[in-house]
Amino acid sequence: MAGDVNINGEEISYVEALGTLQNKFLNSINCFLEIFKQSMGMLYNLDNALESLNKLKKNIVEIEQINHKTKYLALNAAIEAARDENTNKSFQAIASEIRELSNNSNNITIIIHQQLSAINDTLNKTQAILKNIAQVDNSEHILAKEYLDQIVQGILQNHQQSKAGTFIKNTLNLEKTSYDL
Amino acid sequence: MIYKHKSDETTLTIILKGSLTFADYGIFGQILDTIAKNKEKQCTIDLEDLEHIDSAGLGMLILCKERFNSNKRILLKNAKGHVGKMLELGKFNEIFDIHFTNN
């Protein structure tokens, strides 16, 4: 028996075609819901990452303060060692070494600071983009399912009525033909 | 949106009021923290006074379910009007334990 519609060369009934359409629409809704969830999840993750980054920045500032104090301690030790010729040469060497270590450590913290700022900028920009995406209300795509269901129901009702009408018409024609005979 | 919460021996109840939209993601973060800190195994989110929800709000509800899926039962109840329709069209009953009101 021939179907009501031809989809990609296949004859199928209205009921089957509209059922497939509704299922495909439902799959789209599921995809949308997954995107809504993932977007919000990413925003919360970014918030956490930015919070951790701020804590890290505070820790780096503390290390910088320690470096600063170490540097002056080493400088004072070097000055004291230079004043007194009797001071052990090895003490002078240690003071100098500590100052150099402090300088090296300070240079590293400056680099870390720059890298953290770059990460912070990237995260902030990513968060802003994601907020732009997530704050667009896409709920109309879900509400459209209700409209689709109403259309499907209307088409099927018309189709049923049309089939019933054709059946009655054919039956009447048959009766008329038998009278004619 | 505003929210309040109460708990008995078994259930933490979160009551949402107003609109749950993208603008509330900070407040909803507090709700997630509240659920995480509470020991109750069941959490009921009461939506009776929630009048509107957007796509971000739907995302936040699903996120909540998934975040606590391993150790808590998250239940939605009393959704009605626009919110009830959104949950119904989105087949939230396949994601959550859910109780719809009739109106």
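Predicted model: local features only at pLDDT ≥ 70, side-chain atom pairs only at ≥ 80, totals over all residues.
View 1. On the chain A side the contact involves M40(A), L43(A), Y44(A) and D47(A); on the chain B side it involves Y25(B), F28(B), G29(B) and L32(B).

**View 2. Within chain B, α1(B) and α2(B) are roughly parallel to each other**. Helix α2 of chain B covers residues 55-67, and its axis comes within 11 Å of that of α1(B). The two axes cross at roughly 20°, and the crossing is right-handed. Helix α1(B) contributes Y25(B), F28(B), L32(B) and I35(B) to the contact, while α2(B) contributes M60(B), L61(B), C64(B) and R67(B). Seven residues of this contact are nonpolar, none is polar and one is charged.

**View 3. Y44(A) and Y25(B) form an aromatic pair**. Over all chains, the structure holds four aromatic pairs. In the pair of Y44(A) with Y25(B), the ring centres are 5.4 Å apart and the planes make an angle of 55°, a tilted arrangement. Y44(A) belongs to helix α1 of chain A and Y25(B) to helix α1 of chain B, so this pair joins two chains. Both residues, Y44(A) and Y25(B), are buried.

**View 4. Ring pairs link three residues, Y44(A), F22(B) and Y25(B), into a cluster**. Y25(B) is also part of the contact of α1(B) with α2(B).

Definitions and conventions: Residues numbered from 1 in each chain as written. Chains lettered and ligands numbered in written order. Heavy atoms only, no water. Contact = heavy atoms within 4.5 Å. Helix = DSSP H or I, 4+ residues; strand = E, 2+ residues; numbered from the N terminus. Axes fitted to C-alpha atoms, helices over the stretch in contact; angles between N-to-C directions. Parallel < 35°, antiparallel > 145°, perpendicular 65-115°, else oblique. Left-handed = near helix turned anticlockwise from the far one by under 90°. Nonpolar A, V, L, I, M, F, W, Y, C, P; charged D, E, K, R; others polar. Phe/Tyr/Trp six-rings, centres within 6.5 Å; stacked < 30°, edge-to-face > 60°. Buried < 20%, exposed > 50% of the residue type's maximum accessible area, 1.4 Å probe, protein only.
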